[in-house]
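Me: Could you go through this one with me? I'd like to begin with a single side chain and then look at the whole fold.
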Amino acid sequence: QVQLVESGGGLVQAGGSLRLSCAASGIIFSINGMGWYRQAPGKQRELVAAITSGGSTNYADSVKGRFTISRDNAKITVYLQMNSLKPEDTAVYYCNVLGRVSRTRPFDSWGQGTQVTVSA
């Protein structure tokens, strides 16, 4: 089993910054994609940012230029630096990691979620 532990959420004023972290542990053979999703009340979960094993990144249009995703392969950790936060960024943020626990067994793990609240 692969466990993900998130940290870094909280309350911030509009225009402020937060940095989310997500550390993976357990039996991990390899990791492919790592990403961050968010879900606001009454809305569907949406992709915020993703990063591949090669370092390619993808962002939702709503966060481009404000958020930066990065990963530390040695620490098996993915980060989300969030700048110029807006009230509409308020949501529970979840990290997601795709990989393999062995050559033949893939995994798809989710973090427990961390609340990000941006006040106007």
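Me: What does the side chain of Gln115 make a polar contact with?
Reply: In this predicted model, the Gln115 side chain makes a polar contact with the side chain of Thr117 at 3.3 Å; a polar contact is a pair of N or O atoms within 3.5 Å, where within protein one must be able to donate a hydrogen and the other to accept it, and residues adjacent in sequence count only if both atoms are side-chain atoms.

Me: Which strand is Gln115 found in?
Reply: Gln115 belongs to strand S11, residues 114-119, strands being DSSP runs of E with at least two residues, and helices runs of H or I with at least four, numbered from the N terminus.

Me: And which residues does it touch, leaving out those up to four places away in sequence?
Reply: Gln115 touches Gly9, Gly10, Thr90, Ala91 and Val92, with contact meaning heavy atoms within 4.5 Å.

Me: How many helices and strands overall?
Reply: The protein has 0 helices and 11 strands, and its radius of gyration, taken over C-alpha atoms, is 14 Å, close to the 14 Å from the globule rule for 120 residues, so the protein is as compact as a globular protein of that length; that rule is 2.2 Å times the number of residues to the power 0.38.

Technical notes
Residues numbered from 1 in each chain as written. Predicted model: local features only at pLDDT ≥ 70, side-chain atom pairs only at ≥ 80, totals over all residues. Heavy atoms only, no water.
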